[in-house]
Amino acid sequence: MLCVALSSCDKQSEDKLYHNPETSALTKVRNYGDDYLKSDVLVKFASVPDEQTLNSLSDRGVRSIRPLFNTMSGKEELMAKHGLDRWYVAELEEDAVFDDAVAYLCFSEAVSTVEYNAVSRLSEIETKFYPVEQEEAEAQTKAETPLPFNDKLLSMQWHYYNGGNPLFSRNVSANADINVKDVWETLGMGGDPDIIVAVVDEGVKYNHPDLKDNMWTNPGEIPGNYLDDDGNGYVDDYYGYNFVDGGSITWDKEGDTGHGTHCAGTIAAVNNNNIGVAGVAGGTGKSDGCRIMSCQIFSGEGAATSKTQAMAIKYAADMGASVISCSFGTTTPLASDDAYLNGGGSLMYDVIKYFEDPDRNCNPVTGGGIAVFTTGNESHNFAHYPGAMADIISVSAFGPDMLPTYYTNYGPGCNIAAPGGEMGQVSSTKSLVLSTVPKEVESNGHDGGLGSYDYGYMQGTSMACPHVSGVVALALSYAKKLGKKFTVQEFKNLVLSSTNDIDTKISTTEKKDYVDVPIKGTGYHYPASNPLKMAPFYHQVGTGAIDAWQLMMHIEGINTLVAKVGATSWLDLTEFFGTSSVSLTYLSVDVPEETVKSLGLQNIKASNARVYPAVPEEGYAYVQFGRLYLNPTKVGSGKITIRAIGGGDHLGGGSNPPGGMEMSQTISIISREVKSENGGWL
């Protein structure tokens, strides 16, 4: 029975409500904290409320209650499946006592969940960008290895391909990157326009010279006419939608930082267009990049709220996005138990499940979408929500030394790591992540003044998150090309298992040579002579560092072996040829020229008594006693095909005695500076 007002209930019930919150209706509140709006409250009903129920709750400071989400045609059943049709916004009177209004709503039997409209803010670490002059950057460095695209600043993006240039860090590691170069070059894969990535962030500068050709556009909307042409409930949502101010995307209001544009460039800046930077899934220069949808939840000095975040994610789902890249989180305390948070149907849980639902058919690979979040920048030993939720990919950050950054969150809830950049390794900005920025936005970095070019450096787990989002988009593109299908969970499993080892280096290293690195909450800084200890990060950064090449190989169904650069590796072939691999007769080892170049396979003596009928060509790898021997001289990736005889020492089909059957396996090889004892898998 609905209790319409506390005044109509007995004193005993009222005392229970106010004085015993742990056992009262107030347990319906799923989030608490100090940073939230007091103008409204988010309410989930047990069932879709009728007009009478809504009217009966207009008391105790509640002015009105209206649906939170627009209902798009054809989405009604999916909304009901995930309870989105039961989420409402209770707007409060200006003079309402907030706690009384929350208690009043909780006491209603019609209400199942209440949430504060919590505020999320971008951290200071990740809202400073440092402009770069194209001419200056081009003059300072060039790639040690030829890169597949002609983007002018690509050689400065160590986070894609790191050849070990000390310009980026005194302690640079040659494999501190996402290993995407050979995906672009060897596989010829750069993206797919049908794969849409929604950047849930500040507005993306959609006319940026390095982004405009990869921006998603709404085919049913006419930009700038102040009308809702396609009837989806949003006016002028041509490149996405501004959920803060309503209408068109903005990026140049006072207080904007360029954060959303920077994240978008990492995901899909246009590749091979002879300007600026490259994007992970930005194509190959043939209009084949993934598309960026801007879902704006930050504007100017305003912060994002639970309401705008949820509305933006639902919009991304309804308009066909396959990936959401969410470089935001909240420090508002939430239940640390996902079961508690999800059991009552938290708003973020419901809307992400809606986004992931395969019935959306947002792409032919998974049907549902993939959500990628940041872990946070507070140096906490746990991830922040929403990324902390167990079934969401959350991303920690490492620097050009392949070690966790001083600011990254780590520990429970942190699933995987990616480049985030880090000031303190060198006195310049080149150890940060380079991407697109809006020229109009004033830089508050060390250089000061207006950004004189459309590119700049930033750091943070916000920069790590779009690296994973871009790799996910690239992988969906590749799977689509190959006609592969996976469930959403299967695809997430592939992502989290496509990593390189970080822990081996963490266990033997400490960060050195710090410059101007603040110690949280003290006003002091780490001096160069006081290295940052890495021990707390051991086994606390998820499965390791995201590796784009390995993910593509997993999509193909090919496993990867890891070899150490500068050393002869003996790689066991048991998992490919069975337990009898040591006694098989091997016919040949086929190493394509691109693999030879990528791994730097030079001057390796070919010697294999078991190869039949002849040894492989000089300079290639070889097989002996069930092991693949090779000595890579460069960090890289490639494929090797090995042919063997199953059942005998010669092929059948000829004269007696009978021979065996030919069998072959294609193996993925990556070479790294550090190789863990388990071959790279964590």
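This is a predicted model: local features need pLDDT of at least 70, side-chain atom pairs count only at pLDDT 80 or more; totals for chains, interfaces and linings use all residues.
Figure 1. Residues are numbered from 1 along each chain as its sequence is written, and side-chain values use heavy atoms, with hydrogens and water left out. D40 pairs up with K307 in a salt bridge, with 3.4 Å between the closest N and O atoms (a salt bridge is a side-chain nitrogen of Lys or Arg within 4 Å of a carboxyl oxygen of Asp or Glu). D40 sits in strand 1 (residues 36-45) and K307 in helix 8, so this pair ties together parts that are 267 residues apart in sequence. Helices (H or I, at least four residues) and strands (E, at least two) are DSSP runs, numbered from the N terminus. K307 is buried too, with a relative accessible area of 16%.

**Figure 2. Helix 8 next to helix 10.** Two packed helices are described by the angle between their axes and the distance between the axes. Here, the axes of helix 8 (residues 306-318) and helix 10 (residues 347-356) come within 9 Å and cross at roughly 10°. That makes helix 8 roughly parallel to helix 10. Axes are lines fitted to C-alpha atoms, for helices over the stretch in contact, with angles running from 0 to 180 degrees between N-to-C directions; under 35 degrees counts as roughly parallel, over 145 as roughly antiparallel, 65 to 115 as roughly perpendicular and the rest as oblique. On the helix 8 side, the residues that meet helix 10 include I313, A316 and A317, and their partners include V351, Y354 and F355 (contact means heavy atoms within 4.5 Å). Sorted by class, this contact has nine nonpolar, two polar and two charged residues. Ala, Val, Leu, Ile, Met, Phe, Trp, Tyr, Cys and Pro count as nonpolar, Asp, Glu, Lys and Arg as charged, and the others, Gly among them, as polar.

Figure 3. K314 and D318 form a salt bridge, with the closest N and O atoms 2.5 Å apart. Being four residues apart in helix 8, they are separated by about one helical turn. Both K314 and D318 are buried.

Figure 4. D192 and K480 form a salt bridge, and their closest N and O atoms are 2.9 Å apart. D192 is in the loop between helix 6 (181-185) and strand 6 (196-202), while K480 belongs to helix 11 (residues 461-482), 288 residues apart. D192 is buried, with a relative accessible area of 12%, whereas K480 is partly exposed at 28%.

**Figure 5. A salt-bridge network.** K353, E356, D391 and K492 are linked in a network of salt bridges. Zooming out, the structure holds 20 salt bridges.

**Figure 6. K564 in its strand.** K564 is found in strand 20 (residues 560-564). At 39% relative accessibility, K564 counts as partly exposed.

Note on methods:
Buried means under 20% relative accessible area, exposed over 50%, partly exposed in between (1.4 Å probe, protein chains only).
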